[in-house]
Amino acid sequence: MQKKIIQIFLFLWFPYLVNSQSIVNTVHNLSAGSTGSIKATTETEICIFCHTPHGSAPVGPLWNRDDPGLTYTLYNSSTIDALPGQPDGSSILCLSCHDGTIALGNIYSEIADISMLSGVTTMPVGKSNLSQLLNDDHPISFVYNSSLVLTDGKLKDPASITLPVELENEKVQCTSCHDPHNNTYSKFLVTSSQYSALCLSCHERPNWINSSHKNSDATWTTTNPWTHTDYTTVSENACENCHRPHSAGSSELIMKYPVGEDNCLDCHNGNVALSTKNIETHLSKYSAHNVSDIAYEGIHDANEAALVSVQHVECADCHNPHAARQNTQIAPNVKGANEGVKGIDQSGNPVDPISYEYELCYRCHADSPNKPASATSRSIVQNNVRLEFDINNPSHHAVTGVGENNSVPSLISPLTVSSIIYCTDCHASDGSGPLPDDPPLGPHGSIYPTILKYNYETTDGTPYLATNFELCYTCHSEASILSDNTFGEHYVHIVVEATSCNVCHDPHGISISQGNTTNNTHLINFDISAVSLAAGQRIFVDEGINTGYCLLRCHTRGHSEAMSRY
Amino acid sequence: MISFIICVFSQSGFGQISGSEHDFSAELWNTSGEMCIVCHAPHNADVSIADAPLWNHQITTQVFTLYTSSTFDGVAGQPDASSKLCLSCHDGVTAVDNFGGETAGTEFITGARNIDVDLSDDHPVSFTYNTALATADGGLKDPATDPSGLGGTINADMLIGGKMQCASCHDVHNTAGEAHLLRLSNASSALCLTCHIK
C-alpha cells in the first residue's frame with residue numbers, strides 16, 4: 001500500500017521533478033514562491049513579470065513590460081569591426097529589468113506595480129544591473145554575418161554556429177548567450193562556459209588551440225583570481241582569465257582590469273603561473289621593460305602600428321596571450337612566448353605575425369622615433385639595431401644570419417661560426433637558475449644595465465675578474481680569448497690594462513652604411529670615452545686573419561702602426 | 001499524503017455561469033432576461049461553424065491580424081472553431097447584442113476584454129499542437145502524453161480537434177470559478193507551465 005501511494009505521489013509530481021532546471025527554481029522566478037531573494041510579496045504568477053497572454057507590448061513575445069526607451073552608451077574599441085546599434089530585438093526586453101531603470105513589478109497588464117518584498121523596486125545595484133553604460137559589456141545588437149567575418153578575420157562563419165547558440169535575425173543579442181528560462185549552466189548561459197566553450201562558438205583565434213592559456217592546468221596558490229567563475233584552472237577559465245563579458249574593468253576589450261598589465265600579473269606574479277613565469281618579480285629591477293611604468297599607461301593600443309611611434313611597453317606589445325606557448329625553437333625563429341605578434345622585418349617593413357624574434361625587437365629598437373640611445377658613445381654612432389644587425393655589415397653578432405668571421409676559435413661548443421643567436425641570448429632577465437625555464441627567457445628585467453642576462457662590465461679600468469665579462473664568456477671561452485690566439489694583445493688589454501671588451505667591440509655590429517671591411521671587422525667600433533683621436537685618427541686596420549694594427553689614443557697612450565701591429 | 005489530497009482537490013473547482021462575467025441575464029441590452037440566449041438557442045441554430053453548439057449569436061466576419069514570432073514554430077491560421085465564436089463578441093466589432101437574428105446591435109466590448117481584431121499581441125490560437133510541434137519547438141510539452149492537470153493529457157483535456165483554442169485556457173461557463181474564467185488556477189503560472197517547458 002505504501003509503495004502504491006509513493007507511486008501515485010511520484011506520478012502527480014513528476015512534471016515538477018523533471019523540471020528541476022526550469023525557471024521556477026531560478027532567480028528569474030520573481031513570484032512570491034521563489035527561492036530567490038528578490039521576489040513579490042503576494043503575486044504567485046511567474047510568467048507575468050515578462051509575459052501576458054493578451055494585450056501584450058509590441059516589442060517581444062507576448063511581452064508584458066515597457067521598452068525603457070533610453071539611449072545607451074555602447075561598446076567600442078579600436079579593434080571592433082562590428083557595428084553595435086542601440087539595443088533592439090530581445091536585448092531590449094532584458095534591459096527592461098537589467099538597465100535598472102524600470103521597476104521589476106512594473107508590468108504592462110496591470111495598472112499598479114506588483115509589490116516586491118523588502119521594498120525592492122528597480123534592479124538593485126550589483127552585477128545584474130548593467131545600467132545604461134553598456135560600454136563595459138560584450139557588444140550586442142550588431143549584425144554578425146559573413147561580411148563581418150571577412151572584415152574581422154577572427155570570428156567563425158555564422159553559418160557554423162549551432163544551437164544552443166543562435167543569432168536573432170542575423171544579430172547577436174543577449175539571448176545568443178543567455179536563456180532567461182534556464183539556469184542549468186549558471187548565469188542563464190545557453191551552454192557551459194567551461195574552457196570558454198560559449199565564447200569559442202563565435203570567436204576564433206589563430207593558434208589558440210596550442211596556446212598555454214588554453215591548455216595550462218595551473219591553479220592558484222595564495223589568492224583565487226577567478227572569483228567570477230566556478231573554475232579553478234587556467235584552461236577551464238580560458239577567455240575569462242583576462243576578459244569579463246559584463247561589467248568589465250576596462251571598457252575597451254572588456255578586460256578584467258583597467259590597467260593592461262594587471263590582467264597578466266594577476267597570474268604571472270607567482271600565484272598561478274609557475275615561479276619560472278613570475279614576471280612581476282623582474283619588473284622592478286635596475287633595468288627593465290617596465291610595463292608598470294605610469295608614464296606608459298594609456299599609450300598602447302591593440303590596433304597600433306607595428307612600428308611603435310610613442311615610446312611605451314606593455315605585455316601585449318611583445319606577447320599575444322591568445323597564441324603564447326612554451327616550445328623549443330632554434331634562432332632566429334620566434335619562440336612560443338612571442339608567437340602571433342607583429343613586428344618589423346629586416347627590410348624595415350611591418351609583418352604580422354613575426355617569423356623571427358628580432359623582428360619583434362625592431363618594433364621599438366630600429367626605426368622607431370624616440371628609441372633608446374646606445375649605452376656607449378662610439379666612433380660610429382648608430383641607434384638603429386636593424387642596421388647594426390644587417391648581414392651585409394662588415395661585422396655583426398650572428399642574430400639575423402651567420403656572422404662574417406669564419407675563424408672564431410673562442411666559441412664554446414656547440415656554438416660554431418655557423419650558429420645564429422637570439423637577441424634574448426644576451427638581453428634577458430638575470431638569474432642563475434637552470435635553463436631554459438628559470439628565469440623567464442625574455443628581457444623583462446635585470447640587475448644589470450640594458451637588461452643583460454649576465455654581468456657585462458663596461459667601465460674601463462675596472463680590475464679584471466672573469467665574472468666582469470660573464471656575458472661574453474657564456475659563449476666565448478675566457479681561456480681561448482686570453483691565450484691571444486686571435487688578437488695577440490687580448491691578455492694585456494683585458495687583464496693587465498683592465499680594458500673592457502666594450503671599449504673596442506661594439507657588440508651589435510657596424511652598419512654597412514657607416515663602416516667598412518678594413519676598419520670595422522671583428523665588431524670594432526671604439527668607445528670614445530676611453531679611446532680618442534691620435535693625429536686625427538681613431539681606427540683599427542684589418543690586415544687579414546689574426547693580423548692588423550690600430551691608430552688611436554687610449555686614455556694617454558697613443559697607438560701607432562708599428563707599436564700596435566699584431 | 002496531504003499533498004496528494006490537496007493536489008486532487010485543487011484540480012476540481014466550484015463555479016457556475018450564474019453570477020459570472022458571462023451571466024448576461026440582467027444586462028439592459030438583453031431584454032429577454034435569459035442567460036443562455038445570447039449565445040445559444042434550442043432551435044434554428046446557426047450551423048455554419050462545425051460543432052458550434054446551437055449557436056445563436058452573429059458570427060464575426062473580421063479578418064484578424066495574427067500573432068507572429070521568430071520563435072513560434074506553430075502555424076496559426078485565422079481563428080476557427082470555437083475561438084471564432086468567442087471572437088464573435090471579443091473582436092470588439094461584432095455587437096454583443098447581435099443574437100437571435102439581430103444584426104443592428106449597439107453594444108460592443110471595450111477595455112481589457114476587447115481582444116480586438118489585432119491578435120498579434122495575444123497568445124496564438126487555432127494552431128495544431130501535436131507531438132511534432134513539441135519536438136520542433138523544444139520548449140513545449142508533448143500534448144499526447146503530458147498531463148493537463150485536469151485528469152488526462154493536454155490533448156484530451158485542452159485541445160479541440162488537436163488545436164489550441166481560446167477554450168484551451170478559458171472556460172466560457174466558469175466551471176472552475178477561477179479568475180478570468182480560466183480552466184485552472186494560474187497560481188505559480190501553473191496554467192502556462194501546463195504546456196510551456198520553462
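Domain bounds here come from an automatic or database domain assignment. On that basis, chain A is divided into domain 1 (208-365) and domain 2 (385-564). The structure is a predicted model, in which local features need pLDDT of at least 70, side-chain atom pairs count only at pLDDT 80 or more, and totals for chains, interfaces and linings use all residues. Residues are numbered from 1 along each chain as its sequence is written, while chains are lettered from A and ligands numbered from 1 in the order in which they are written.

Taken over C-alpha atoms, the centres of the two domains of chain A are separated by 33 Å. Their contact (C-beta atoms, placed from the backbone, within 7 Å) takes 24 residues from domain 1 and 26 residues from domain 2. On the domain 1 side, helix 8 (280-283), strand 3 (287-288) and helix 10 (357-365) each supply at least two residues; helices (H or I, at least four residues) and strands (E, at least two) are DSSP runs, numbered from the N terminus. Helix 10 of chain A gives the most to this side, with 5 residues.

Elsewhere in chain A, helix 2 (residues 89-98) is mostly covered, as 9 of its 10 residues are buried. A residue is buried if 20 or more other C-beta atoms lie within 10 Å of its own, exposed if 12 or fewer, and partly exposed in between, with C-beta atoms placed from the backbone. The buried residues, among them A:Ile92 and A:Leu95, pack against strand 2 (171-172) and helix 4 (174-177) of chain A. Just after helix 2, A:Gly100 takes a positive phi of about 75°.

Key: Contact = placed C-beta atoms within 7 Å.
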